[in-house]
Amino acid sequence: MAVEKILLHNVDKPNSHKLDTYLAGGGYEDLRKALAMGRDDLVQLVKDSGLRGRGGAGFPAGLKWSFIPKDPSLQKYLCCNADEGEPGTFKDRIIIEKDPHLLIEGMAITCHAINSDKSYIYIRGEFEYGAQILEQAIEEAYEKGYLGKNIMGTDFSLDMYVHRGYGAYICGEETALLESIEGYRGQPRKKPPFPALAGLNGKPTVINNVESLACIPGIIRKGSKWFANMGPEKSPGPKLFCVSGHIEKPGVYELPMGTTGREIIYEVCGGIKAGRKFKAVIPGGVTAPMLVEKDLDLSMDFDTMAQAGSMLGSGAVIVMDDTTCMVRTSYIINRFFSHESCGKCTPCREGTIWMTQILERMENGEGRPGDVEELERLCDNIFGRTFCPLGDGAVMALRGCLKHFREEFVYHVENGRCMVKGGF
Amino acid sequence: MVEAVDDKLILEIDGKEVRVPFGTLILDAAKEVDVTIPTFCYQARLSGIGSCRMCIVEIEGQKKLQPACITPVMDGMKIATNSETVVSARRSMLEFLLSNHAKDCPVCDKAGECELQDMVYSHGQRKSKFEEKKISLHVKDYIISPVIIKNSNRCVQCVRCVRVCREVVGRGVLGSVGRGAYQEETSFRKGELDCDSCGMCIEVCPVGCFMRLPYRYKARPWDLKSAISVCPYCATGCKTTLQERDGEVVRSIAFKGLGFNDWLMCARGRFGYDILNSDKRLTKPLRKKGDGFEEISWSEAMGMISAEFAKTSPEKRGGVATASLPNEELFFFQKLMREAMGTPNLDSTSRWSGDTAGAYMAATAINEGGRTIYKAVNSDTVFVLGTQLSEENPVIDYIVRHVTDSGRSNLVIVSPRAMKLDATAHQSLRHTPGELAKFLNALILCLYEGDAGGLASLEEVGLSSKVSIAELAKLAGVTVDELRQLSMRLKRSETISILAGTDILKLDQGARGLRLLKLALEAMGKRLRILPILDRANQRGAWGMGVHPSLGPGFSPLSDDEKGLDCYGMLEAAAAGEMDLMYVIGEDIAGMYPDRAFAEDALSKVGFLIVQETFMTDTALKADLILPGALAGEKTGTFTNQVGRVQNLAPIQSPPGGARIDLDIMGDIASTVSKGFMDDGCTDIFGCIQKVVPSYLNIDNKSTGKDCGSVISTDVSLEAFFNVAESPGAVPTEEYPLRLITGNHLFYSGNLSSYSDILGSLLKEPVAEVGPETAKALGLEDGQNINVASEGYLDSFRLKISKGTPAGVVFIAENYEDKPINRFFKRGETIPLVKITS
């Protein structure tokens, strides 16, 4: 499937992270163009493009920007969410490490649109290399006047800071991210007030994912129509899919939104590893309930995935073949959630670890009659009652697995071992 | 949908209609219709976090259940708090909370008064399905302060402890460590805290996670006998519930909803109760014998008094009763002195002169009746002046922090040294110790810059405008910019509350300056409230009862013939051999009078010194006769707190051994010295008080548990006291370059607190505090041992560097045992000059 690369335009070039390389490919011209535009026009352009947040929730980006108060006396912030914590996701990383100026340009344009002069990139602690690259790129941009005072001779000024996280999944949740930048313990805040009104330091704040921001220069260059016409009407544009698992050619692929799972697995990524049989796929990071064979022809976009009872999430496609034991998979996923539960609210803090303990027993062949029902009961007691979506995510993942593969869980309890043969 | 009327939102909770203002939380709206929603993490005065999920309710049209404690109501909402979904959600939350809870109720101190137990009883399920291994955060309980022990395995993660420490106490020494089920609220590296040891974390803990170390394994709540009393350690007047088991008082506790302090209390109030059962209490009358004392009976003691009294003449008699006695006893004391002993010489303190006290009373308009602290802190500007609030009146510090931090008021602090509240203040000024009057003078000049007419009228009442602002500022140790900024804040405020503390009484005659500031601000049309901030529990009551050499009961001014000597005057008379008899109740003159050598000498020259005490103080050691008295937890009566609120005391125990209630002792002495004095039988002393002290007319002293009321205004004038002469400030010399200031410590206030073993364990080592500049100039490091020397005295201390204390100032707290800091003073000196050597 040959498509024009917008987000991964530069990544294969030598020294792609350098400003010179970026400028040679027409870099920062979109910022120049954007600075000549009115703020409202810019917001409208992004609204028209139909760009939906690439972090996972799929909230319309232009709409989010339009919530920012216009009062010029108010300090406003842009925070780039580069926490990329969802297991299976590694799309932001490639932009950060290989094309940091694309992100910086996208952020500069966004800051102009919301009239902000201070922006933060909240990058996950493990991305030490990425943070270094970003720091260097920001320095280059300052030197050449793409950041700092009076950018390109206009009255627009912008400062940009890299803020490294300390290894908590929850800090990818936007309000926990803000707490973390402010120097507090990373735990979600109550909403309302939403960050657009009271975010970082209590001031209006836009929080966008790396990939969303990287889409912005392209929209300026090629126009909102070009973007809106790519893929499904209600969730258009290019999308980075991170394909991993039992697959021949794992990696990050830029494809139009709406590509089907079958196309991704069999046409783009060369099929299931070693010619084995497809069993299930997680379409958008471990939070997204898994899909099975019959769902493979569905369009991979926000709305279709939601209708199918799953979610597009971050576009982390995790493929599993027929050697995969779903009890073990659920155990691993759940262990992740209980490890990452921030501890703030009762059902997530106590519930996820309880589920993990049951799954661990099952996996070790110590399952007891009633365990499966107990897991289902715990799912009911957690879901919809937690403070933030983390607990719900744990339940969605487990429920998704139980929905399609309940018999494997029952088998594990009754026989103390996997139903699948030969493997993982 | 229903329409909103009167700016109120109309909604439905469990089918009942509720009308509440915009912004009301569902939880509070539910209370309006008597619907109780269970909560854990919610605490009315703390920030809402909505984390425990106990209070989740169902809102029609919303998919997820919403926490009632952080969700504001909306017009037309239909809320169900008891639907099947909600009840089962609640049940499941309790099941979750119990899943990793230690469930060691049989050995838990909290059992019986545990919110988790109560909640499970009322909302939980009989059986949990949890059959996994419990997470254990630690094996043994661990100590994080000499008074706090912790068991995190019982924690329900409500985080009230962390929030109260940060938002109310202002220390922020607790935090959450770990994540998920391994989260634990504790101190840095679980080590011993450098904290205020106030125990607020214990008080707010719903379970047995934070516990009182001194109370550990001592009792079950249902075995405790309680008495509601008032904390004796400062004049804030916190209600405290003393609880005893088998004759030993085991804890003092602040109950939610009881007293204005509600659930607030400081280390002294919460842990200073052990003086009641101290083995150092005096239990028998003692007669001087050689260098020591011998036990005698009460009748022998009265016989001695009778014999000695006959040898004395009225003008050579005198008495000092501490301001920590209840009103009834103080009233009777002045009656005893004035009528039975026939002497006008009486006072309630040895720390300042009667005239200074008078000027302070006048400046703070103490005769104008009571105030409320909550109203006061809700002013546009709260002006803290001449008080080390954070250490002297910690609960007022909590209230001020909490209210001003939420952005409703402007907080300004003027003090000679740093305090915890500085972190919350919008402006903190450091003036030179002893130069408060000059500071206030300069401030008034700033306020009236460009208003010559206004200034002229202030000059008529005594303002000096000859010296320039710049010069005054320099003398007061502040900058003109700081003064202008403060003046601007005051100008912009409509309502101003001044919290005026005891530094005004001790350091100089700042009372005059305060009075001028009052006149100046009132002339500008500001609504002004001045609140006295005092350190002895019933100081305001003592003055009101007439325990003052120039004021009778109800602040009635005495004629010159009727006026007597204050404590200063009595000591001077004694030193000259002119004091035949002194009757001292509870006041440690030798320990507190600012010149110990002089006080000890004077006391030893008193013809017959009667000291009525609960402990063997330095003053008692000088006595010819010691009478064992009682403490606040052993008697009935009333205290009037600093803002004029009258509160009842209830006894939790009888005085130990042969010790007696002070009022009874005084009654016996009255009959001894004046036959038939007690016959006219004023059995209802409070009724007698009300006859002569009009400001107590509306007080109901029979009211139990609740307030008795607040004192009202009387039409007496205290203007005459403003004629006091100002004392000169201290000018540092090359040899003695530092000014020494003294005052109460967070863990000590008044000599009584120094007999508390628990409070003693909080701070074993006496410290001297200096600012970082002084330390640097002297090459000193935090924690090292130093010597502090004045011309006549030298003692060693541990150095503490406190950020924010200006150069050239040393602070040492009063009431350290074995550190008689009044030895640094020489009579007539308000600010001793000292030097520090390593």
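User: In this predicted model, which residue of β5(B) does B:Glu58 stand opposite?

Analyst: B:Glu58 stands opposite B:Ala80 in this predicted model.

User: What makes β3 and β5 of chain B a pair of strands?

Analyst: Strand β3 (residues 56-59) of chain B and strand β5 (residues 78-80) of chain B are joined in the antiparallel sense over two bridges, and since pairing asks for at least two bridges, the two strands therefore count as paired. They belong to an open sheet of five strands in chain B, ordered β2-β1-β5-β3-β4, with mixed pairing.

User: Why are β2 and β4 of chain B called edge strands?

Analyst: β2 (16-21) and β4 (66-67) of chain B each pair on one side only, and this is what the name records.

User: Why is the meeting of A:Glu340 and B:Arg179 called a salt bridge?

Analyst: The side chains of A:Glu340 and B:Arg179 meet at 3.1 Å, N to O; the cut-off is within 4 Å, so the pair qualifies. The count between chain A and chain B is six salt bridges.

User: Which element gives the most to the side of chain A that touches chain B?

Analyst: The elements of chain A that give two or more residues to this side are α12 (326-340), α13 (346-363) and α14 (371-382), and α13(A) gives the most, with 10 residues.

User: How is the extent of the interface between chain A and chain B expressed?

Analyst: Chain A and chain B bury about 2800 Å² between them, 50% of it on carbon and sulfur atoms. On the side of chain A, the residues that lose the most area to chain B are A:Arg185, A:Trp354 and A:Arg385, together 23% of what that side buries.

Definitions and conventions:
Residues are numbered from 1 along each chain as its sequence is written. Chains are lettered from A and ligands numbered from 1 in the order in which they are written. This is a predicted model: local features need pLDDT of at least 70, side-chain atom pairs count only at pLDDT 80 or more; totals for chains, interfaces and linings use all residues. Side-chain values use heavy atoms; hydrogens and water are left out. Helices (H or I, at least four residues) and strands (E, at least two) are DSSP runs, numbered from the N terminus. Buried area is the accessible area (1.4 Å probe) that two parts lose on being put together, summed over both.
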